[in-house]
Amino acid sequence: MENNLDTLQRFVFENSAVRGNLVNLTHTLNLALNKQQLPLGLRKALGELMAASALLAATLKMNGALVMQIQSSGTLKLLVVECTTEANESFKMRATAKWSDDITDEQDLFALVAQGQFMITLDPKDGSQSYQGIVPLEGESISAVLENYMLRSEQIDTRIFLSCDGESAAGMLIQKLPETMNQLTHDFDEDTWVRIGYLAETVTDDELLHLPTETLLTRLFHEEDVRLFEPTATEFYCSCNRDSVSNMLRMLGDEEILSIIEELGNIEVNCDFCNALYVFDKVDAAQLLVSEAAVTTASLGIH
């Protein structure tokens, strides 16, 4: 039986207030990262964050983007993953990293971090207000960082298990629903939560990465009544385009645009996520300046 690659599947434990998600990424991971020259340690970290972004996005009733960032003043400057979903369609993901100095394949994420912080941004696409949470980078693994974040910022007990070998990434989330705080069901649900958490802790990296979802859930929770829902696809998707790059360049202002054109002859912009190259020559630059002037005139109400 083949593994359920590049899908996320939700599941619930019947007659309890505990839910879970499982995600596997292979094609998505490679499309997202193969055009970037990433050291292995950062590739693994981004793979785990990509899996985690899908796991958490699947718990939200939101159409929009979930963005995870790890920022640091050390050799690692930034890890960022974006996961976007609309109306229960596929989870669309992209990811990138920024760092200084040379990094060996043997160095892991936490050896490269100094004064790190973890940030989650929720950006609904329906006009609702965005939300951003920032906490110190606490823990010795990305799973621990996320669990600490969920407990501190969301007050939700969550267990997260992540693995990435550089070519595939996978993750499992187990979460206690808010209803478990109800006094009438607290004892029962707490016992269930502890038992499920204990069983989940026995999962191995090899099982996460290579076992089909149904096989994995049966192996871990064979005495539990688990209901598995239909899978949702994951895919790599980068939202960059020439119009968005043009808008970014206009923010530089006329003087900066003209200076770059005069010095280099054209403007080249590479997308950090997909490595797409956008080139603006003198004619393109002139159109940017005209467009900027038109926007300014319209904003002043001049006709």
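**Salt bridges and cysteines**

Q: At 26% relative accessibility, what does glutamate 190 count as?
A: This is a predicted model, in which local features need pLDDT of at least 70, side-chain atom pairs count only at pLDDT 80 or more, and totals for chains, interfaces and linings use all residues. Residues are numbered from 1 along each chain as its sequence is written, and side-chain values use heavy atoms, with hydrogens and water left out. Buried means under 20% relative accessible area and exposed means over 50%, with partly exposed in between (1.4 Å probe, protein chains only). At 26%, glutamate 190 therefore counts as partly exposed.

Q: Which side chain meets glutamate 190 in a salt bridge?
A: A salt bridge is a side-chain nitrogen of Lys or Arg within 4 Å of a carboxyl oxygen of Asp or Glu. Side chains of opposite charge can pair when their charged atoms come close. Here the N to O distance is 3.0 Å, and the partner of glutamate 190 is lysine 176.

Q: Is lysine 176 buried or exposed?
A: The relative accessible area of lysine 176 is 6%. That value is under 20%, so lysine 176 is buried.

Q: Where in the chain is arginine 227, the partner of glutamate 14?
A: Glutamate 14 and arginine 227 form a salt bridge, with their closest N and O atoms 2.6 Å apart. The pair links distant parts of the chain, 213 residues apart. Glutamate 14 is in the loop between strand 1 (7–13) and strand 2 (18–25), while arginine 227 is in strand 10 (residues 226–228).

Q: What N to O distance goes with the salt bridge of glutamate 235 and lysine 92?
A: Glutamate 235 is partly exposed at 33%, and lysine 92 is partly exposed at 21%. The side chains of this pair meet at an N to O distance of 3.8 Å.

Q: How many disulfides does a search of the whole structure find?
A: A disulfide is a pair of cysteine sulfur atoms within 2.5 Å. Cysteine 83 is buried at 1% relative accessibility, and cysteine 164 is buried at 8%. The number of disulfides found in the whole structure is zero.

Note on methods. Helices (H or I, at least four residues) and strands (E, at least two) are DSSP runs, numbered from the N terminus.
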